[in-house]
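We will go stop by stop.

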Amino acid sequence: MTSIDPASLELGLDTFGDVTRDVSGELISGAQTIRNVVEQAVLADRVGLSFFGVGEHHRREFAVSSPEIVLAAAAARTERIHLGTAVTVLSSDDPVRVFERFSTLDAVSNGRAEVILGRGSFIESFPLFGYDLRDYEALFDEKLDLFSQLLTEKPVTWSGTLRASLDAADVFPKTESGLRAWVGVGGTPESAVRAARYGYGLMLAIIGGPAARFRPFADLYRRSLDTFDQPQLPVGVHSPGHIAETDQQAWDEAYEGFEAMNNSIGRERGWPTYNRLRFQHDVGPEGALYVGSPETVARKIADTVQTLGASRFDMKFSTGTLSHEKMLRSIELFGTEVAPRVREMLS
């Protein structure tokens with residue numbers, strides 16, 4: 001187990017820019033959703049959180065398809081909080097363009113940019129940008145290899161089978177102190193080993209089951225870092241949640257959004273209909289939802305951090321149709337009440 005210094009523990013937030021409802025119950029526009037995401041980042045900075053992540057999606061439930069532009073808008077209105085993706089779908093993007101966009105974001109944010117790379121649990125971007133799903137694994141492996149070389153910020157000579165080769169290609173702009181990069185992992189041994197081999201931080205996307213189930217992946221990642229002569233790198237966690245003054249209030253506010261999102265996606269993937277019984281299991285000790293009062297959520301986060309030796313926890317605070325106003329209150333409670341409790345519990 002890796003010892004975690006409570007003072008250095010990073011607590012952050014993630015959003016996919018879920019299209020939400022207004023106070024009258026009507027769905028708001030994608031444009032308004034994006035403006036709301038920027039306001040949410042501003043509040044996260046104000047209450048002292050470490051990170052604000054925006055995910056990339058290409059479907060009707062989510063408003064953000066170009067996270068870097070939204071993050072740049074947030075950078076102009078924040079001062080300390082780090083800004084990144086949750087995740088960038090590298091398989092259906094170009095590593096050179098991804099580096100250029102994030103090194104630019106790093107410049108406008110004065111060194112606060114991070115990138116979390118993933119294969120994508122949603123596949124809409126593959127046909128949209130002309131990629132063959134039969135190359136799903138190979139695309140990610142090749143592009144991750146190229147991106148790791150681009151992170152050196154030196155001329156790159158590289159060749160693969162699914163992208164044009166590079167010959168001493170120099171990519172601009174350069175960053176002033178390097179770009180922090182992670183790989184988002186859903187829970188396969190191969191993914192943990194891959195992240196270690198290329199020298200990326202490990203971000204565990206825990207959206208189902210207890211955190212303890214992911215302990216073997218964190219341990220494998222750390223052993224693999226040693227095997228590949230990499231320095232010890234951070235392990236982070238991304239999980240959904242919502243905070244309100246009491247457990248019951250948080251459950252009542254969050255349920256509709258979780259139900260709507262699970263059923264919308266579940267119809268495409270053959271999932272059973274989501275219900276209250278499943279929700280109550282998911283918010284309990286054996287579930288992956290961090291929904292409840294500040295005390296309840298803080299205790300669950302502290303347990304997860306201890307179990308995995310994680311140095312970062314990012315709560316995905318937007319789910320389905322949960323309103324902007326309720327998300328703002330959740331962010332406020334996360335920064336002002338949950339974060340201090342977590343550090344106290346770990347000290």
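Helix axes are lines fitted to C-alpha atoms over the stretch in contact, and angles between N-to-C directions run from 0 to 180 degrees. Helices (H or I, at least four residues) and strands (E, at least two) are DSSP runs, numbered from the N terminus. This is a predicted model: local features need pLDDT of at least 70, side-chain atom pairs count only at pLDDT 80 or more, and totals for chains, interfaces and linings use all residues. Residues are numbered from 1 along each chain as its sequence is written, and side-chain values use heavy atoms, with hydrogens and water left out.

**Stop 1**

Select α2 (67-75) and helix α3 (residues 95-108). Their axes are 9 Å apart and the packing angle is about 10°. Angles under 35 degrees count as roughly parallel, over 145 as roughly antiparallel, 65 to 115 as roughly perpendicular and the rest as oblique. α2 and α3 are therefore roughly parallel to each other. Now show side chains. Glu68, Leu71, Ala72 and Ala75 of α2 meet Arg101, Phe102, Leu105 and Val108 of α3. Contact here means heavy atoms within 4.5 Å. For classes, Ala, Val, Leu, Ile, Met, Phe, Trp, Tyr, Cys and Pro count as nonpolar, Asp, Glu, Lys and Arg as charged, and the others, Gly among them, as polar. The contact of α2 with α3 has six nonpolar, no polar and two charged residues.

**Stop 2: another helix pair**

Go to helix α10 (residues 294-308) and helix α11 (residues 324-346). Their axes come within 8 Å and cross at roughly 45°. α10 and α11 are therefore oblique to each other. Among the residues in contact are Val297 and Ile301 of α10, and Phe334 and Val338 of α11. By class, this contact has 12 nonpolar, one polar and four charged residues.

**Stop 3: aromatic rings**

Rings of Phe, Tyr and Trp (its six-membered ring) pair if their centres lie within 6.5 Å; planes under 30 degrees apart count as stacked, over 60 as edge-to-face and the rest as tilted. How many aromatic pairs are there by this rule? The count comes to 10. Select Phe62 and Phe122. Their ring centres are 6.1 Å apart and their planes stand at 75°, so the pair is edge-to-face. Phe62 lies in the loop between β2 and α2, and Phe122 in the loop between β5 and α4, so the pair ties together parts 60 residues apart in sequence. Buried means under 20% relative accessible area, exposed over 50%, and partly exposed in between (1.4 Å probe, protein chains only). Phe62 is buried at 7%, and Phe122 is buried at 12%.

Next, select Phe258 and Phe279. This pair is tilted: 5.9 Å centre to centre, with 45° between the planes. Phe258 is in helix α8 and Phe279 in helix α9, so the pair ties together parts 21 residues apart in sequence. Phe258 is buried at 4%, and Phe279 is buried at 0%.

**Stop 4: a helix with buried residues**

Select helix α6 (residues 189-198). Its buried residues are Ser191, Ala192, Arg194, Ala195, Ala196 and Tyr198. They pack against α5, β8, β9 and α7. Gly199 follows α6, and its phi is positive, near 80°.

**Stop 5: a loop residue**

Finish at Phe129, in the loop between α4 and α5. Buried or exposed, or in between? Phe129 counts as partly exposed, at 43% relative accessibility. Leaving out residues up to four places away in sequence, Phe129 touches His58 and Ser92. Phe129 and Ser92 are 37 residues apart along the chain, and their C-alpha atoms are separated by 6.7 Å.
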